[in-house]
Amino acid sequence: MNWQVPLADLDYGPEEEEAVLGVLRSRWLTMGAVTKEFEARFAERHGAKHAIAVSNATQALHLACVAAGLGPGDEAIVPSMTFVATANAVRYTGAEVRFADITGPEELTLSPAGLEAAITPQTRAILAMHYAGFPCRMEPIREIAHRKNLFLIEDAAHAPGASLNGRALGTWGDAGCFSFFSNKNLSTGEGGMVLTDRDDVAEKVRLLRSHGMTSLTLDRHEGRAYSYDVIALGYNYRIDEIRSALGLAQLAKLDRNNALRRGFTHRYWEGLEGTGLGLPFLDTAGESSYHIMPVLLPAGVDRQAFIDRLRADGIQTSIHYPPVHLFSEYRARYPDVVLPHTEDAAARELTLPLYPTMGEEKVDIVVEAVKRALG
């Protein structure tokens, strides 16, 4: 469909084209020097000691769960108002998930009180997801993790460049995991990153992303090694040079584009004030990356009919997210989970268009269409 205002769009131009052509001209496509530079710059931008690039954020989450030592008999606490990969990554290790509720309709992130109530003797890790790029309440969450000796993973898929109290999201816990999917603030099509300040975590993630091998193809190509050993059961989670080159070009635009997203989000908030829509995160601490624009429809509004009215005006919307614990796979495995705040917010949530190239005019078009749809 030819949308008047799509949900998301890329800020791609000559910089990305030249970055890809540079890799093609180098004739080295697999993980190499460009990836190392991307990792170094991403780590520097976020104030982290280590950055390890992988092919997508699900792999980043999986490797973080493996680094946490999760396995059969263990549990990790996750929110349900997230993309399903957050929970799937735990289960890939053989561990089980325990779902915790969000704080409420004003703050769609993990509740510290709900988190603490979900801890059992089998709990080994916490996965805190920075929904829409807005910070979780990391100070109490980190205090709980330290007090209970739990490995803390930040699902920062929405949050490149975001921070809390001057500290980058993704660096508050033992590991932070980022996504570079097509609709993300920093987009390479597919791709992900693990940030950590822990040398042991970085060593394990680096080893496991490439089959548990003691040397890489680039090492052998450049004469630093002639063979290799396999010292762990690893995976093929390597990123390639083309996507790393795109990542470098996008990283250079990140701060500017996050600032544009901030401006458009505040324009939405001003335009939608008094309409009856719930506007989450109005008073959240920290600096968001403003990845998506969530609103909560008033109780009783038919969401599908509302979506259809906006669609008729050429405006694309989405839902972030259907709760993980209500999916058939998870409902069958965990049939007794009830999360009142998550279920209420998720039933009313609608995501409006937000991207750095949309301009104020398109924000205003969406605001007026939303008002008509409500009317």
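Guide: Gladly! Let us begin with a word we shall need: two residues are in contact when they have heavy atoms within 4.5 Å. Please keep in mind that this is a predicted model.

Visitor: Which residues of α11 and α14 meet in that sense?

Guide: From α11 there are Phe-306, Arg-309 and Leu-310, and they meet Ala-369, Val-370, Ala-373 and Leu-374 of α14. Sorted by class, this contact has six nonpolar residues, one charged residue and no polar ones.

Visitor: How do you describe the way two packed helices lie together?

Guide: Two values are used: the angle between the axes and the distance between them. For α11 (residues 303-312) and α14 (residues 359-374), the axes come within 10 Å and cross at roughly 135 degrees.

Visitor: What makes α3 oblique to α7?

Guide: The axes of α3 and α7 are 10 Å apart, at an angle of about 125 degrees. Since 65 to 115 degrees is roughly perpendicular and over 145 roughly antiparallel, this pair is oblique. The crossing of α3 and α7 is right-handed.

Visitor: Which residues meet where α3 and α7 pack?

Guide: Leu-63, Val-66 and Ala-67 of α3 meet Val-201, Lys-204, Val-205, Leu-208 and Arg-209 of α7. That contact divides into six nonpolar and two charged residues, with no polar ones.

Visitor: Which residues of α7 are buried?

Guide: In α7 (residues 199-209), the buried ones are Val-201, Ala-202, Val-205, Leu-208 and Arg-209.

Visitor: Why is Thr-120 called buried?

Guide: Buried means under 20% relative accessible area. Thr-120 has 18%, so it counts as buried. Thr-120 sits in the loop between α5 (112-118) and β6 (123-129). Leaving aside neighbours within four places in sequence, Thr-120 is in contact with Glu-75 and Arg-98.

Visitor: Is Asn-149 buried or exposed, and why?

Guide: The cut-off for exposed is over 50%. Asn-149 has 69% relative accessibility, so it counts as exposed. Its place is the loop between α6 (138-148) and β7. Asn-149 also has a positive phi, near 60 degrees, though it is a residue other than glycine.

Visitor: And what about Phe-281: buried or exposed?

Guide: Phe-281 has a relative accessibility of 2%, and with the cut-off at 20% it therefore counts as buried. Phe-281 is not a glycine, yet its phi is positive, about 75 degrees. This residue lies in the loop between α10 (254-272) and β12 (293-296).

Visitor: Where is the cis peptide bond with omega near 5 degrees?

Guide: That bond runs from His-320 to Tyr-321. Tyr-321 belongs to the loop between α11 and α12 (328-333).

How values were computed
Residues numbered from 1 in each chain as written. Predicted model: local features only at pLDDT ≥ 70, side-chain atom pairs only at ≥ 80, totals over all residues. Heavy atoms only, no water. Buried < 20%, exposed > 50% of the residue type's maximum accessible area, 1.4 Å probe, protein only. Helix = DSSP H or I, 4+ residues; strand = E, 2+ residues; numbered from the N terminus. Axes fitted to C-alpha atoms, helices over the stretch in contact; angles between N-to-C directions. Nonpolar A, V, L, I, M, F, W, Y, C, P; charged D, E, K, R; others polar. Parallel < 35°, antiparallel > 145°, perpendicular 65-115°, else oblique. Left-handed = near helix turned anticlockwise from the far one by under 90°.
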